[in-house]
Amino acid sequence: METIMGLASEGMDDEVIQVSECMSDMLRYNTRFENITTLRDELEQVKNYVSILKIRFEGRFEAYYDVGEECIDCSMVKFPLQRLVENAISHGLSETEKGGMIRIRVKKEGERISILIYDNGIGMSEEMRTELEQRLLVTAERPLEYIDQYKSLGILNVHLRLRMYYGEAYSIELFSKEGKGTCFSIKIPFVKSREGAAIQLGGLYVSDSGGGR
């Protein structure tokens, strides 16, 4: 909203319209009562979010998408991409004034989908990376014990939700080097959407038509 007010005060009507349209789409998506979406819909909201921030930060970074066509209509848990991209921009690119980059790559690898989120930002120290990797490992073993504790932490929240839905069929890897950037790699089962059937994953019941766990 502050972005919209700032743009309006400067008479940037086209930008106000663009940001408003993106926010409207995101609000509709966020308030839909369903846990499962498609990669297509998730990417659309990522693009809306990125468009808003590119206007807000005046082109401080660019975003690139490399998405396999065979993956676009697959079924997936709602929100992980948006949260990971948000983390990459707000943390990874927090000190970037120009030349920032976000790269999103989605490919089918056998029976799973591989999703990479990369930024060329500040990266992590070896100590910070090791600590986060340890948290990811520990929480994966007992996700229900940690879900409330990490509700407000983007990466760990995403990790726990995916672990609870997909069980051992989901995996995450972290690559980061201080001053060079960070890459998160997640893999989830490849499940075609709109088949009208429920999915049994990781011992939890997930409905592909918008039902709960």
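Student: In this predicted model, which residue in β7 is the bridge partner of I172?

Tutor: Strands β6 (residues 171-177) and β7 pair over seven bridges, in the antiparallel sense. I172 belongs to one of these bridges, and its partner in β7 is I186.

Student: Which residue takes a positive phi in the hairpin of β6 and β7?

Tutor: Three residues lie between the strands of this hairpin. The residue there with a positive phi, near 80°, is G179.

Student: Over how many bridges do β5 and β7 pair?

Tutor: In β7, F184 stands opposite I117. Strand β5 covers residues 112-119, and its pairing with β7 is antiparallel. The number of bridges is eight.

Student: Why is β7 said to be largely enclosed by the rest of the structure?

Tutor: Strand β7 spans residues 181-189, which is nine residues. A residue is buried when its relative accessible area is under 20%. Strand β7 is largely enclosed because the buried residues number eight of the nine.

Student: Is F79 buried or exposed?

Tutor: F79 sits in the loop between β3 (75-77) and α4 (80-92). Its phi is positive, near 90°, although F79 is not a glycine. Most residues other than glycine have a negative phi. The relative accessible area of F79 is 16%, and the cut-off is under 20%, so F79 is buried.

Student: What is the area of the nonpolar surface patch made by M1, M5 and M23?

Tutor: M1 is found in the segment before α1 (2-9). M1 has a relative accessible area of 62%, so it counts as exposed. Together with M5 and M23, M1 makes a nonpolar surface patch of about 330 Å².

Conventions:
Residues are numbered from 1 along each chain as its sequence is written. This is a predicted model: local features need pLDDT of at least 70, side-chain atom pairs count only at pLDDT 80 or more; totals for chains, interfaces and linings use all residues. Side-chain values use heavy atoms; hydrogens and water are left out. Patches are made of residues with over 30% relative accessible area and no salt bridge: like charges are joined within 9 Å, nonpolar side chains (Val, Leu, Ile, Met, Phe, Trp, Tyr) within 5 Å. Accessible areas come from the Shrake-Rupley method with a 1.4 Å probe; for residues, only the protein chains shown count as cover. A salt bridge is a side-chain nitrogen of Lys or Arg within 4 Å of a carboxyl oxygen of Asp or Glu. Helices (H or I, at least four residues) and strands (E, at least two) are DSSP runs, numbered from the N terminus. Buried means under 20% relative accessible area, exposed over 50%, partly exposed in between (1.4 Å probe, protein chains only). Two strands pair if DSSP finds at least two bridges between them.
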